[in-house]
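Student: I have a model open and want to learn how to read it. Where do we start?

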Amino acid sequence: MTGLRERKKTRTRQAIREAAHRLIEEQGYEATTVEQIAERAEVSASTVFRYFPAKEDIVLTDGYDPVLLAELRARPAGEPWARSLRYALRRAVERALADGEALRLRTRLLAEVPALRSRMTESMADTARLLSRVIADRTGRDPESLEVRVHVMSLLGALTETSAHWAEHGHRDDLSALLDRTLDVLERGLPALDEALPAANR
């Protein structure tokens, strides 16, 4: 059971994120300061920085990495890696879509704000290290091997582009369907032009 201290920290973190989201929707990302976020969340600026080292992190931190890693570790040991990955990513997307407004805001800002894209690239190294370890545990490979590193960075880059595509098209597409298309490309390579892609995206 989660202790009182942890529940309080979770509430504070969520209050900061919600305050930031509201302010950004009202006045834009660049015009929103940490001091304004702190005031709206009824905490000090130092508290904001204790939870989020930079303003960009308030937007980017989503808590989905632990969900993805837990789902991957829970898959049957003998299951093909591609099937485990597809299942775990679908579950992560389902969870993300449950927080739909925040997800749409985050992906839109990533497409529009260079500082956020730069920070995302920095934070990707942490995700890559964790994912490499899961792959190593599941496949018996060296997490530092070229094959694992290429696979992990190809996957993270593909997911980043999927997110950007979704945002650039006004979030009209089904994100789960986009994920399936992305994983198909990673598993099978670039499809022929006459294969069953939506006509508008050819």
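This is a predicted model: local features need pLDDT of at least 70, side-chain atom pairs count only at pLDDT 80 or more; totals for chains, interfaces and linings use all residues.

Student: Is T33 buried, exposed or partly exposed, and why?

Tutor: Relative accessible area decides. Buried means under 20%, and exposed means over 50%. T33 has a relative accessible area of 30%, so T33 counts as partly exposed.

Student: Now helix α1. What span does it reach, and what is expected?

Tutor: The expected span comes from 1.5 Å a residue. Helix α1 covers residues 4–27, which is 24 residues. Its first and last C-alpha are 35 Å apart, close to the expected 34 Å. Just after α1, G28 has a positive phi of about 95 degrees.

Student: Which residues of α1 are buried, and what do they pack against?

Tutor: The buried ones are T12, I16, R17, A19, A20, H21, L23 and I24. They pack against α2 (34–41), α3 (45–51), α4 and α7.

Student: What is the volume of the largest pocket, and how many residues line it?

Tutor: Its volume is about 970 Å³. The lining has 31 residues, with D62, Y64, D65, M120 and L159 nearest the centre. Elements giving two or more residues to this lining include α4 (55–60), α8 (114–139) and α9 (146–168).

Student: What classes make up that lining?

Tutor: It has 18 nonpolar, eight polar and five charged residues.

Key:
Residues are numbered from 1 along each chain as its sequence is written. Side-chain values use heavy atoms; hydrogens and water are left out. On a 1 Å grid over the protein atoms alone, a cavity is a set of points where a 1.4 Å probe fits but cannot get out, and a pocket is an open set with protein on both sides within 12 Å along at least five of seven lines; lining residues have an atom within 4 Å of a point. Grid points are joined across faces, edges and corners, and a volume is the space filled by probe spheres set on the points. Helices (H or I, at least four residues) and strands (E, at least two) are DSSP runs, numbered from the N terminus. Ala, Val, Leu, Ile, Met, Phe, Trp, Tyr, Cys and Pro count as nonpolar, Asp, Glu, Lys and Arg as charged, and the others, Gly among them, as polar. The expected span of a helix is 1.5 Å times one less than its number of residues. Buried means under 20% relative accessible area, exposed over 50%, partly exposed in between (1.4 Å probe, protein chains only). Contact means heavy atoms within 4.5 Å.
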